[in-house]
Amino acid sequence: MAVPNSELDRQFEYLTEVRQLLQDRFGDVSPKAFTHTYGCQGNVADGERIDGLLEQMGYEFVDTPAEADFILFNTCAVREHAEERVYGNVGRLKEFKKTNPDLVIALCGCMVQQEHVAKRLKSHFPYVDLVFGTHVQYRLPELLRRHLMTGERVFDLSDDDDDIAEGLSVRHSNRMKAFLPISYGCNNFCTYCVVPRVRGRERSRQYADVLAEAESLAKAGFKEIMLLGQNVNSYGNDFGERELFPKLLRDINDLPGDFLIRFMTSHPKDCSEALLDTMAACEKVENHLHLPVQSGNSEVLRRMNRHYDRERYLETVRCARQVMPDLALTSDIIVGFPGETYEQFKDTVSLVEEVGFSSLYTFLFSPRVGTPGASMPDPVSREEKQRWFEELQAAQEQVAAARSAAMKGKTYRVLVESRNKAGRLCGRSSENIMIEFDGPEERIGTFADVLVTEPLTWILKGELVG
Ligand code: SAH
Ligand code: SF4
């Protein structure tokens, strides 16, 4: 499962060589890198490790591709729209090669792990120099060295699952909130989803490695640690342990420090009582559960291969609210899964109203190459699906407005994140709802008690207490 130390040592030697090569090429001026990550938090966490490698190789980071000597897009494949954006943005980079012939253009992540994408990049995007998949990110020093020494295009799309590289340095993208991956890949094969195909089978990081990283993040002063996996509930199953995730939550909760714990994603089929009880018992674990339901209709769920039905999902929600009465639930929903009828879609609307989600991530079904969903008959037009989509959003807006209204007059502890465009401080409540309020700059990065005075649908207005 893990990348052997000898291999990591080898990469470190390449890294030192690249540093030297760059010094020879750029002299005293540091070479500049621009990196951009698309997609989910797991991809962001990968991007932070890649940035760590680039930093060690001597790159300094810039905010626009025009200033860069190395441009990297860390891509997403979950929906077609994400891929189209990448193709469009890569197309625009061709210009920069004309003014900076030494520019290196690199692509990595889920999208490029697909064979048909790699082929298209090879044939249609000759100015892309480096393409590497999700399993070999730690090999960036070796791949970049090869390109710098030979000028050849380098493609590495191997799909070896023994790819957990421990000990890489991380360049955090946020100074308050840290992402902590606990597992990679997925075993669930939902019929619409490309993730298991581009990320491989589920593999967990060793318990001691995760706990040690959490400890160092807490010591470094991070105020929020978000544990990441496609299905955090099955963390440790691959090394024969059951219910290891609740134990991990407890152990991280017991670490010294004033920080919050969030996690994503929790698959409803594996959301156990032990997890819910642990959440309720751990004061650092936020009062929020992201539990993607995808559909409110049992037949659609069966065809999605989700392994739960509407009743079981609602039962899990009931159990969760029994032990955490103020729990905020959020969810993902796919509208227009192949063969879904309007009546079946209406079951999703009624589930949304019944559960009362704080917020929803709603997606139109997007056919993904190689998934069973892509070849299922899909008779409903895009326009019709768009209408359903809007109907669902309108229903959720009402639900969210009612939830926000119920927060008026209550005080919430928030992590103050930033100042917004209106010049007010803002941060998220434990329930993951944005609250804005007036206050001094120095409160950014600290916890504050905020009284909700004016609840709007998507944001709450409030006042600092004390
Ligand atoms: N592992 C997580 C989700 C990963 S993908 C889970 O199981 O919940 C994030 C979300 O993207 C999914 O929850 C789903 O709602 C959406 N998604 C995935 N594949 C999709 C597709 N082909 N079309 C539309 N939405 C999709
Ligand atoms: Fe995709 Fe399903 Fe795995 Fe989530 S659980 S990553 S939706 S296959």
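Q: Which residue in E4 is the bridge partner of Phe 73?
A: This is a predicted model: local features need pLDDT of at least 70, side-chain atom pairs need 80 or more, and totals for chains, interfaces and linings use all residues. Residues are numbered from 1 along each chain as written, chains are lettered from A and ligands numbered from 1 in the order written, and side-chain values use heavy atoms, without hydrogens or water. In E4, Phe 73 has as its bridge partner Leu 107.

Q: Over how many bridges do strand E3 and strand E4 pair?
A: Two strands pair if DSSP finds at least two bridges between them. Strands (E, at least two residues) and helices (H or I, at least four) are DSSP runs, numbered from the N terminus. Strand E3 covers residues 70-75 and strand E4 covers 104-109. They run in the parallel sense, and their bridges number 6.

Q: Which strands are the edge strands of the open sheet?
A: The open sheet has 6 strands, with parallel pairing. Its order is E2-E1-E3-E4-E5-E6. An edge strand pairs on one side only, and here these are E2 (60-61) and E6 (154-156).

Q: Why does Val 90 count as buried?
A: Val 90 sits in helix H3, residues 80-99. Buried means under 20% relative accessible area, exposed over 50%, and partly exposed in between (1.4 Å probe, protein chains only). Val 90 counts as buried because its relative accessibility is 1%.

Q: Which residues does Val 90 touch, not counting residues up to four places away in sequence?
A: Contact means heavy atoms within 4.5 Å. Phe 73 and Leu 107, the bridge partners from the opening, are both touched by Val 90.

Q: How many residues does domain 3 give to its contact with domain 2?
A: Domain bounds come from an automatic or database assignment. Domain 2 spans 174-286 and domain 3 spans 315-406. Their C-alpha centres lie 24 Å apart. Domain 2 gives 10 residues to the contact, and domain 3 gives 16.

Q: What is the omega of the cis peptide bond from Met 264 to Thr 265?
A: Most peptide bonds are trans. The bond from Met 264 to Thr 265 is cis. Thr 265 falls in the loop between strand E11 (260-264) and helix H9 (273-281). The omega of this bond is near -5°.

Q: What is the phi of Glu 243?
A: Most residues other than glycine have a negative phi. Glu 243 lies in the loop between strand E10 (224-228) and helix H8 (244-253). At 42% relative accessibility, Glu 243 counts as partly exposed. Its phi is positive, near 55°.

Q: Why does Asn 305 count as partly exposed?
A: Asn 305 lies in the loop between helix H10 (298-303) and helix H11 (310-323). Asn 305 is not a glycine, yet its phi is positive, at about 65°. Asn 305 counts as partly exposed because its relative accessibility is 24%.

Q: Which residues of strand E17 are buried on its two faces?
A: In a regular strand the side chains alternate between the two faces of the sheet. Strand E17 covers residues 434-437, and both of its faces are covered. One side has Met 434 and Glu 436, and the other has Ile 435 and Phe 437.

Q: Which residue in E19 stands opposite Glu 436?
A: E17 and strand E19 (residues 460-464) run parallel, joined by 2 bridges. Opposite Glu 436 stands Lys 461.
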